[in-house]
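Reader: I am new to this structure. Could you take me through some of its parts?

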Amino acid sequence: MSFITVQNLNKTFKILERDPGLINAIKALFRKDYKIVKAVQDISFNIDEGEIVAYIGPNGAGKSTTIKMLCGILNPDSGNILINGLNPFENRVKYVSSIGVVFGQKSQLWWDIPVSDSFELLKSIYKIPKDEYIKTKEELVKLLNIGDLLNTPVRQLSLGQRMRCEIAASLLHNPKILFLDEPTIGLDAVSKVAVRNFIKEINKKKNVTIILTSHDMSDIEALTNRIIVIGNGKKLYDGSLSNIKKKFSDHKKLEILYSGLKKKPKINNVNVIENKRNYVLYDVDMKKNTISDIVEKYSKVCEINDINVLNENMDDIIIKLYEEYNL
Amino acid sequence: MICYLKYFKTELINGLQYRTAAFAGIITQIVWGFINTMIYVSFYSHTNNVDSISLSQLVTYVWLNQAFLILIYMKSFDSEIMDKIKNGTVAYELCRPYNLYTWWYIKSIAKKYSAVILRFLPIIILGLVLPKPFNMGLPNSIYSFILFILTLLLGSILLVSIIMIIHIIGFFTNEDKGISSIIIIISNFLSGSTLPVPLLPNIVQKITEYLPFRLISDLPFRIYSGNISINYALQSIVLQIIWIIILITFGILIMRKVLNKVCIQGG
């Protein structure tokens, strides 16, 4: 039995629809048209304790809806969720004591009061024993480097500062599971890396199970190898990131700087991206060509000064993945 | 339980920092108080037909109404709660091991208390030192003063129970303006905030008997000045408690229903 078991989860929403224009607006006063949106369809997966799983998909795929059902906020239409032996929605109050949640686009801290007051309030909400609270708080403050921010009202924090405080707030009660819904949205490079390192650290140290969603593929690459891809409410892929990379990363970019070329070598089945004096950039399809082949052809006719092979970046791979599933 | 008390304290302290709003409120209430008392004074000087309430009782009523307005007036809903519903931050509140009804209730009432703490004293003091006939009288007796405090507190609890229902309906419809503007008008008319209940037509007075609204402010203010007898006051306290139980139970029930169908906004 896994730590988190999700079986045949379904959730539909009724969305009010109205054609534009005054006449339609008046019509809508008397008759409302609803569109049924299947936000999540028949999703199943298992997650073990201590795993980090990235939940990815394009906007509107059903990621947040799934996360909200896993957090006990939304009631699924059908299907089962069992996390640590509890049903999140039915045992909401008991269940939520064991989870921490960060929604990147929302704030859980009280806007008007200093961060440390928010923490104190969370302490009494979660009934954290005093010693444990002090210990955890000190640890989090150190790891996230937020010592200087504790006495500042939340409204005066920058986004990166606030996000670090949000993450600390979600971990004060030592949850077993941490849900991170786009935790790095809008953060600069330094804050992003800080948040990532922290997530890794907390996972290793406390064996916290982490489920995260993000549109930033570098986040996901840095944090985990297991991804679950969802599109139009359906689960499309559940497995390792490296497999996806292998499958879709069949193109590489090849950059050659040369000198003393008299006649360009003829190379078949290759896209030229850029062609300047003493410089060429190819897009190489690995199924049809090899890098060494091209380089060899060049080395015969000129002197090669420098070579760069660039792997396709993760975003391109994900775009291909979405394309394959027609998202 | 501790966490609810702590939250009450946090919200109370938080509310106490809005001094400028309080200052503006005090000025507005004083101006309103003057306008009202002057109208009633000139009204009474041209008639001797009103036997339901005396002029000094009425003027006292006006000043009390202005001093405790925030506590008893069906307006100033907690816009933060509605904002949370609209922008989806309510998701966080649902991820916490507390009862959301109690939580919001505490938030709403703490806000009212902190606002009234900042406002009532200057208005009361001014009312007391004004020359006759514009002044606010002292309580009729020590008993009526104690019962006044008690019924005023119960009245505020009653008011917030009604406001909670509006919030919960807002949770369902994502907008509370429609429903709240209807209830604001009905409530403020029938609770005596617009015109004291003893001055309303008899038929309307009869209607108010069967509704909770007059128990919010009309009751405590008339107890204070002795317009309502101690005996009747004690009966009314029982009525207040019954209404509070009914409205809170109703609120909790519809909250449960709404949470089953909740749909979180945005992202």
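**Contacts, sheet and helices**

Reader: Leaving aside neighbours within four places in sequence, which residues is A:Leu172 in contact with?

Author: The model is a predicted one. With neighbours within four places in sequence left out, the contacts of A:Leu172 include A:Phe119, A:Leu122, A:Lys123 and A:Tyr126.

Reader: Is A:Leu172 buried or exposed?

Author: A:Leu172 sits in the loop between helix H6 (159–171) and strand E6 (177–181) of chain A. A residue counts as buried if 20 or more other C-beta atoms lie within 10 Å of its own. A:Leu172 has 21 other C-beta atoms within 10 Å, so A:Leu172 is buried.

Reader: How far apart in space are A:Leu172 and A:Thr224?

Author: In sequence, 52 residues separate A:Leu172 from A:Thr224. In space, C-alpha to C-alpha, the separation is 23 Å.

Reader: Which strands are at the edges of the open sheet in chain A?

Author: Three strands of chain A make up this open sheet, in the order E2-E1-E4, with antiparallel pairing. An edge strand pairs on one side only, and this holds for strand E2 (33–47) and strand E4 (78–83) of chain A. The edges are therefore E2(A) and E4(A).

Reader: Over how many bridges do E1(A) and E2(A) pair?

Author: Within this pairing, A:Leu16 stands opposite A:Tyr34 in E2(A). Strand E1 (residues 4–17) of chain A and E2(A) pair in the antiparallel sense, and the number of bridges is 11.

Reader: At what angle does H2(A) run to E2(A)?

Author: H2(A) lies across E1, E2 and E4 of chain A. Its angle to E2(A) is about 65 degrees.

Reader: Which element gives the most residues to the side of chain A that touches chain B?

Author: The contact takes 24 residues from chain A and 20 residues from chain B. On the side of chain A, the elements that give two or more residues are helix H2 (63–70), helix H3 (92–96), strand E5 (99–103) and helix H4 (115–125). The most, four residues, comes from H4(A).

Reader: Why is H3(B) roughly antiparallel to H7(B)?

Author: The axes of helix H3 (residues 55–67) and helix H7 (residues 100–129) of chain B come within 8 Å and cross at roughly 160 degrees. Angles over 145 degrees count as roughly antiparallel. The crossing angle therefore makes H3(B), relative to H7(B), roughly antiparallel.

Reader: Which residues of H7(B) meet H3(B)?

Author: H3(B) passes H7(B) in a right-handed crossing. From H3(B), the residues are B:Trp63, B:Gln66 and B:Ala67. In H7(B) they meet B:Phe120, B:Ile123, B:Ile124 and B:Gly127.

Notes
Residues numbered from 1 in each chain as written. Chains lettered and ligands numbered in written order. Predicted model: local features only at pLDDT ≥ 70, side-chain atom pairs only at ≥ 80, totals over all residues. Contact = placed C-beta atoms within 7 Å. Pairing = 2+ DSSP bridges. Axes fitted to C-alpha atoms, helices over the stretch in contact; angles between N-to-C directions. Buried ≥ 20, exposed ≤ 12 C-beta atoms within 10 Å, placed from the backbone. Parallel < 35°, antiparallel > 145°, perpendicular 65-115°, else oblique. Left-handed = near helix turned anticlockwise from the far one by under 90°.
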